[in-house]
Amino acid sequence: LSVETLQRHLRGTQWAFPHPWEESSASHLAGMTSQTSIPKAKTEIIPEDQLKVLVPACQALIEQAHELVAVKQSLEAKRAELHATGVSVSQVNRKLQTSVLTPNGFASFSEFNRCYSDIPIVAAIIILTFSGIRNHELCAIEWNDRNPDRDAYRIEDNEEDTSYWLKSHSSKTHEGYTEWLVPKIVIDAIEAQKAYILPLRERLWQEQQSLLENDPEHPKALKIEHFKHHLFLTASLNNKNAINALSHSAFDYRLKQFC
């Protein structure tokens with residue numbers, strides 16, 4: 001309606017422009033000309049009262065993410081040490097609990113694993129909520145040190161203030177690689193996700209290198225090249241812990257589970 005009103009008032013002036021939709025109207029495009037033409041929303045909206053609970057919970061876990069990653073590393077190092085010294089399998093978890101988890105405030109493996117595995121989904125929720133990007137743009141964010149133009153974000157610092165720009169590829173809008181102005185909490189979420197995927201990223205790159213050494217045209221190695229810089233990587237328990245890029249459907253399923 002605003003565009004139509006503007007077009008009507010600018011007739012006969014130097015700023016005049018043709019009617020924006022000659023064969024239609026703003027009311028019809030908005031689905032208001034008949035009951036059957038009212039479009040249904042394709043994206044579910046999180047109610048505000050739920051968002052007020054969800055966002056602080058996600059932010060708290062983002063702030064804890066680096067600590068969780070450090071505990072995970074300690075667990076893996078201690079597990080390897082125990083196996084090397086011949087400790088029985090039945091005793092390993094008990095010793096890990098007393099030497100690593102309990103000192104770090106975790107009452108059980110299930111409590112720690114739940115917090116640790118939630119890092120990607122809370123990072124995604126924070127990024128989506130405070131940037132307004134679409135799911136496919138979230139999945140296309142890269143951690144790409146080799147190409148700064150495609151790296152996850154940039155910081156613009158001047159004497160007066162600091163601006164944070166999220167970068168990703170937008171295919172639906174045909175923009176290609178583009179940027180969104182975001183608050184710092186989005187950058188914090190990206191850094192938390194970087195810490196989480198570092199072991200996955202190293203495993204993926206080692207796997208690709210091993211495949212290429214045996215066959216420079218190995219199909220799997222070439223496939224890995226397309227997503228090895230992605231910020232949101234996943235390890236599939238149903239496929240021998242294989243690492244892949246996060247898909248839209250997998251993210252939607254994980255989001256519903258979390259919420």
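Q: Which residues have the most contacts inside the largest nonpolar core?
A: This is a predicted model, where local features need pLDDT of at least 70, side-chain atom pairs count only at pLDDT 80 or more, and totals for chains, interfaces and linings use all residues. Residues are numbered from 1 along each chain as its sequence is written, and side-chain values use heavy atoms, leaving out hydrogens and water. A nonpolar core is a set of buried Ala, Val, Leu, Ile, Met, Phe, Trp, Tyr and Cys residues joined through side-chain atoms within 4.5 Å. The largest one here has 62 residues, and those with the most contacts inside it are I127 and L138.

Q: Which helix gives the most to this core?
A: Helices here are DSSP runs of H or I with at least four residues, strands are runs of E with at least two, and both are numbered from the N terminus. With 12 residues in the core, the top contributor spans residues 184-214 and is helix α8.

Q: Which residues does L138 contact, leaving aside its neighbours within four places in sequence?
A: Contact means heavy atoms within 4.5 Å. With those neighbours set aside, the partners of L138 are A124, I127, L128, I133, F232 and F251.

Q: Is I141 buried or exposed?
A: I141 sits in the loop between α7 (135-139) and β1 (153-157). Buried means under 20% relative accessible area, exposed over 50%, and partly exposed in between, using a 1.4 Å probe and protein chains only. At 0% relative accessibility, I141 is buried.

Q: How many Å apart in space are I141 and F232, C-alpha to C-alpha?
A: Leaving aside neighbours within four places in sequence, I141 is in contact with several residues, including H229, H230 and L231. F232 itself is 91 residues from I141 in sequence. In space, their C-alpha atoms are separated by 7.5 Å.

Q: What is the relative accessible area of R201?
A: R201 has its place in helix α8. Setting aside neighbours within four places in sequence, R201 is in contact with W143, D145, K228, H229 and L233. R201 counts as buried because its relative accessible area is 9%.

Q: Where does S163 lie?
A: S163 is buried, with a relative accessible area of 18%. Beyond its neighbours within four places in sequence, S163 is in contact with R154, I155, E156 and L181. V182 is 19 residues from S163 in sequence, and their C-alpha atoms are 7.7 Å apart. The element that holds S163, covering residues 162-170, is strand β2.

Q: Is A80 buried, exposed or partly exposed?
A: A80 lies in helix α3 (residues 48-84). R114 is 34 residues from A80 in sequence and 22 Å from it in space, C-alpha to C-alpha. With a relative accessible area of 46%, A80 is partly exposed.

Q: Why is the protein chain described as more spread out than a compact globule, and what is its radius of gyration?
A: The chain has 10 helices and five strands. The radius of gyration is taken over C-alpha atoms, and the globule rule is 2.2 Å times the number of residues to the power 0.38. For 259 residues that rule gives 18 Å, and the chain is well over this, so it is more spread out than a compact globule, with a radius of gyration of 24 Å.

Q: What percentage of the residues in the protein chain are buried?
A: The C-alpha atoms fill a box of roughly 90 × 50 × 50 Å, taken along the principal axes. Of the 259 residues in the chain, the buried ones make up 34%.
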